[in-house]
Amino acid sequence: MSDTSINLDELRQRIDQLDSDILNLISERANCAQQVAHVKLAEDKDAVFYRPEREAQVLRRIMALNKGPLDSEEMARLFREIMSACLALEQPIKVAYLGPEGTFTQQAALKHFGESAVSLPMAAIDEVFREVEAGAVHYGVVPVENSTEGVVNHTLDTFMDSSIKICGEVVLRIHHHLLVSETTRRDKVSRIYSHPQSFGQCRKWLDAHYPHAERVPVSSNAEAAKLVKTEWHSAAIAGDMAAKLYGLEHIAEKIEDRPDNSTRFLIIGNQDVPMAGEDKTSIVVAMRNQPGTLHALLEPFHRHQIDLTRLETRPSRTGVWNYVFFIDFKGHRDEPRVAAVLEEVRLRAADLRVLGSYPIGVL
Ligand SMILES: O=C(O)C(=O)C[C@]1(C(=O)O)C=C[C@@H](O)C=C1
């Protein structure tokens, strides 16, 4: 036996020992989570098991403690899965997302809740809201903005008619691929299916590489992936999850025009989330249609030095609400300076609703 094989055996024995230690520690952690569930139930028979603020703290702490060689995000992803399995012991979490299966929204749901959550596809954004409101699922995941294509208006509009709360956010890097089935004639692609937003995100690449192919918009990338399965002259633009689900092959990878292309998703639910330490608040404000409205709305934020992260205007859907602004800012509604700003804005506005304070996305 050479020296390398002796070393390899020794290293594998060491790995076996470490795996046994990790196994015992994970089991001990899972036991703790089960005890947490008993404590929560003893305090309240309608106890809420999923605690977004605690999860954010756990993941941030792990990232801060990590000394490598695995990078902090990778390490946090591993702990994400451990926590997801621990939560499933307390209560299996059901999450509705904008489907069908294989969409980026499903990927976002699994990134946020981990693989132990049960994810259920819905046909439309309002259905995700309805399922959460009806208590058929614990949480919902909907897209809200893309760095290239901008806001998902439908999601914002649905908040106007709903009492649902925002419990969290998750940002996903969006990589699009040009996909075909194994029977596709790659040199004869004359039609490309995708969601309109994805066409928007890959416009320049398509103009350069497939200027003559017909671009057919469909309801989701996953739907596009499904369609090309049976058409020898068609391709789809979709992500990894859809490619895997429908067994498609890549003609070209990462064809999005901007390398930092990402989408932000919201986690919606029925609970108010306590402070995590690094939080965001989302509000919707209706202002009267008069001069100086926008200044009056924003001035308190400026004076209290609160960092706005997003401002969107949507047409009002009732006579009272002339202008409706969706505002995201850093801070939690329970912080005194945030509470003070909210009070001031409330006095100036025709209406104000806090959609939620929640931890800034960690992963
Ligand atoms: O700390 C809790 O409240 C727990 O339930 C434990 C735990 C965890 O595994 O760390 C599990 C689920 C919650 O969402 C948050 C954290």
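Begin by selecting strand S6, residues 177–180, where both faces are covered: His177 and Leu179 on one side, and Leu178 and Val180 on the other, are all buried (buried means under 20% relative accessible area, exposed over 50%, and partly exposed in between, with a 1.4 Å probe and protein chains only). Strands here are DSSP runs of E with at least two residues, and helices are runs of H or I with at least four, both numbered from the N terminus. In a regular strand the side chains alternate between the two faces of the sheet.

Before going further, note that this is a predicted model, in which local features need pLDDT of at least 70 and side-chain atom pairs count only at pLDDT 80 or more, while totals for chains, interfaces and linings use all residues. Residues are numbered from 1 along each chain as its sequence is written, and side-chain values use heavy atoms, with hydrogens and water left out.

Within S9, look for Ala236, the bridge partner of Leu179.

**The ligand**

Next, select the ligand and the residues around it, namely Arg29, Val36, Lys40, Phe49, Tyr50, Arg51, Arg54, Glu55, Met83, Cys86, Leu87 and Glu90, each having a heavy atom within 4 Å of the ligand. Helix H1 (3–43), helix H2 (52–65) and helix H3 (72–90) each supply at least two residues of this shell, and H3 gives the most, with four. By residue class the shell divides into six nonpolar, no polar and six charged residues, where Ala, Val, Leu, Ile, Met, Phe, Trp, Tyr, Cys and Pro count as nonpolar, Asp, Glu, Lys and Arg as charged, and the others, Gly among them, as polar.

**Salt bridges**

The whole structure holds 28 salt bridges, each a side-chain nitrogen of Lys or Arg within 4 Å of a carboxyl oxygen of Asp or Glu. Select Arg310 and Glu145, whose side chains meet in one of them at 3.6 Å, N to O. Arg310 lies in strand S13 (residues 308–315) and Glu145 in strand S3 (residues 139–146), so the pair ties together parts that are 165 residues apart in sequence. Arg310 is buried, with a relative accessible area of 8%, whereas Glu145 is partly exposed at 21%.

Arg310 also forms a salt bridge with Asp328, the closest N and O atoms being 3.0 Å apart; this pair links strand S13 to strand S14, with the two residues 18 apart. Asp328 counts as buried, at 1% relative accessibility. To finish, select Glu145, Glu169, Arg264, Lys280, Arg310 and Asp328 together, which are linked in a network of salt bridges.

Conventions. Two strands pair if DSSP finds at least two bridges between them.
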